[in-house]
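Keep the view open beside the text and look up each part as it comes along.

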Amino acid sequence: MQQGHQSILILDFGSQYTQLIARRIREQGVYCEIRPCNESPPSAVPAGTIGLVLSGGPASVYDDDAPPFDDGWLALDLPVLGICYGMQMLARADGGQVARAEAREYGRADVDVLDDDGLFAGVSPRTEVWMSHGDHVEEPPPGWRVLASSRNCPVAAMASADGRRVALQFHPEVTHTPEGVTLVRNFLTGMCGARGDWTMGSFVDEQVARVREMVGEGHVLCAMSGGVDSAVTAALLHRAIGPQLHCVFVDNGVLRKGERKQVAEEFSELDLRVVDARDRFLDALAGVEDPERKRKVIGRVFIEVFEEEAAELKDRVGEISWLAQGTLYPDVIESVSFRGPSATIKSHHNVGGLPERMRMSLIEPLRELFKDEVRLLGLELGLHADRVYRQPFPGPGLAVRILGEVTRARVALLQEVDAVVDEEIRSAGLYRDIWQSFAVLLPVQSVGVMGDARTYEQAAVLRAVHSTDGMTARIVRLPWPLLERISTRIINEVRGVNRVCYDISSKPPATIEWE
């Protein structure tokens, strides 16, 4: 718990959206912590704790292998909000009936508000929500009242007789529930009495103190990529430990065009060492096509390089016992559930790809922040807006944007394609408005015609999405003239590509990156 701050506890039952619940709560200036659903409850309400949230999850409450849960959590004198699976848990615990729905609901739905007091204060009489469930509450517990309903879900929201427990079948935490922020705010302020006293300024102070306590007199090696996450990580650590921080930028051979030179210039104010490891990474990736293996290989080689750099620094500054990384919440939730039984989507090179034998200890000060929070943190630390608002770039670089084998020739090809996309998006004034815009190289060749001659060359895919946190994303409807201009330039200027496609898939069901 954060001393001096009110806190909300979130019990994670395996939902992919659990971290979004935390994000929505923190947006209201309220600190929160995520705990695994199988954690034993405390004997008394922890100091400063003002509410409890039960997350969604993929299981059914009546399954034999349903996530374990100690009802002692519900014995605590705290307001409780149950979401999706959490709602069904509350219903069953208090004598309600949960059953398999005749028709599963995944996606947009409209609910009618039946009681606009308390949780639904200020919410439209009919509001759009995001459903994601196969079970539902068939009969609320005795004494509970129905707050909202939809055509396929008669009990879309409910509240206990005393109003201390409320539950929603839909997900207020996702952006697809437009008035979800109002519902979360009503729970926090109306039911929990939250003051909203947690800010990025307080986060900086707390993390600086935590880093100093962890590191002591030791030294930290920071993995720099030139992106937002590593830049903010370095700035935060520099504020905390100053000359004890040593930054290393590794050219892994799968960077964007000109990125090595740009990073060296932009981060010259730090103790930054640039390492040329292009051949080492590309040799290790030779013959590797499976995306999970790519990530594992890149993670392994990264750590090997960093450990070697630490060994070289040892003679100059002493033992390097810490490795800092800009790992974020979306990296963690998609790689491995570190606090709950969530499903693994894909490994990230800086999470699932780290070898167990690694000799340095990890320090990840951004591990529980989302990208937009990291940007706010960067501004709080005084970083330039141009640096803070860079579009996300995957840690494994272009390796996960090259489907199939990663070769030197294919990397060079995609670098040229990517440079055209970046230049045109910036020229159109859209760079800051788009979450991510990039190109993917497919392991596909197709027939084309150039100068009356037949060609048989590569196909590239343009991807552009809007998002706020990387957990969900929707496609960007780029202007048609811009799409045509990008396609024409790529085909005319990049020798080896004769076809450009546009990816119009949202997340979910697709992920933002193709691998």
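Let's start in strand 16, where Thr455 is the bridge partner of Gly448. Strands count as paired here if DSSP finds at least two bridges between them. Helices (H or I, at least four residues) and strands (E, at least two) are DSSP runs, numbered from the N terminus. Strands 15 and 16 make a hairpin with 2 residues between them, and Gly451 in the turn has a positive phi of about 60°.

A word on the ground rules before going further. This is a predicted model, with residues numbered from 1 along each chain as its sequence is written. Local features need pLDDT of at least 70 and side-chain atom pairs count only at pLDDT 80 or more, while totals for chains, interfaces and linings use all residues; side-chain values use heavy atoms, with hydrogens and water left out.

Now find the open sheet of 5 strands, ordered 12-11-10-13-14 with parallel pairing. Strand 12 (272-276) and strand 14 (361-363) are at the edges with a single partner strand each, so one side of each has no neighbour in the sheet. From one strand to the next, the twist averages 30°. Inside the sheet, strand 10 (residues 219-224) and strand 13 (residues 320-324) run parallel and are joined by 4 bridges. There, His219 stands opposite Ile320 in strand 13.

Which strands does helix 5 touch as it packs on the sheet? Helix 5 (residues 200-215) touches strand 10, strand 13 and strand 14, and its direction makes about 165° with that of strand 14. Helix 7 (residues 259-266) packs on the sheet too, touching strand 11 (245-251) and strand 12, and its direction makes about 165° with that of strand 12. Contact means heavy atoms within 4.5 Å. For the angles, axes are lines fitted to C-alpha atoms (for helices, over the stretch in contact), and values run from 0 to 180 degrees between N-to-C directions.

The largest nonpolar core has 48 residues, and Leu221, Val250, Phe306 and Leu478 have the most contacts inside it. Its largest share, 9 residues, comes from helix 9 (residues 291-317). Leaving aside neighbours within four places in sequence, Leu478 is in contact with Ile425, Leu430, Ile434, Leu462, Ala464, Leu483 and Tyr502. Apart from this core lies another, of 38 residues, including Val220, Leu255, Val374 and Val388. A nonpolar core is a set of buried Ala, Val, Leu, Ile, Met, Phe, Trp, Tyr and Cys residues joined through side-chain atoms within 4.5 Å. Buried means under 20% relative accessible area, exposed over 50%, and partly exposed in between (1.4 Å probe, protein chains only).

On to the rings: the structure holds 6 aromatic pairs. In one of them, the ring centres of Phe13 and Phe69 are 5.6 Å apart with the planes at 55°, so the pair is tilted. Rings of Phe, Tyr and Trp (its six-membered ring) pair if their centres lie within 6.5 Å; planes under 30 degrees apart count as stacked, over 60 as edge-to-face and the rest as tilted. Phe13 is buried at a relative accessible area of 1%, and Phe69 is buried at 18%. Phe13 also forms a tilted pair with Tyr85, 5.2 Å centre to centre with 45° between the planes. Phe13 lies in the loop between strand 1 and helix 1 and Tyr85 in helix 3 (residues 85-93), so this pair ties together parts 72 residues apart in sequence.

Arg256 lies over the face of Phe393, at 3.9 Å from the ring centre, and the charged end of Arg401 sits over the ring of Phe438, 3.9 Å from its centre. The test is that NZ of Lys or CZ of Arg is within 6 Å of the ring centre and within 35 degrees of the ring normal.

Most residues other than glycine have a negative phi, and most peptide bonds are trans. Cys84 is not a glycine, yet has a positive phi of about 60°. Cys84 sits in the loop between strand 4 (80-83) and helix 3, and is buried with a relative accessible area of 3%. The peptide bond from Lys507 to Pro508 is cis, with omega near -15°, and another cis bond joins Pro508 and Pro509, with omega about 15°.
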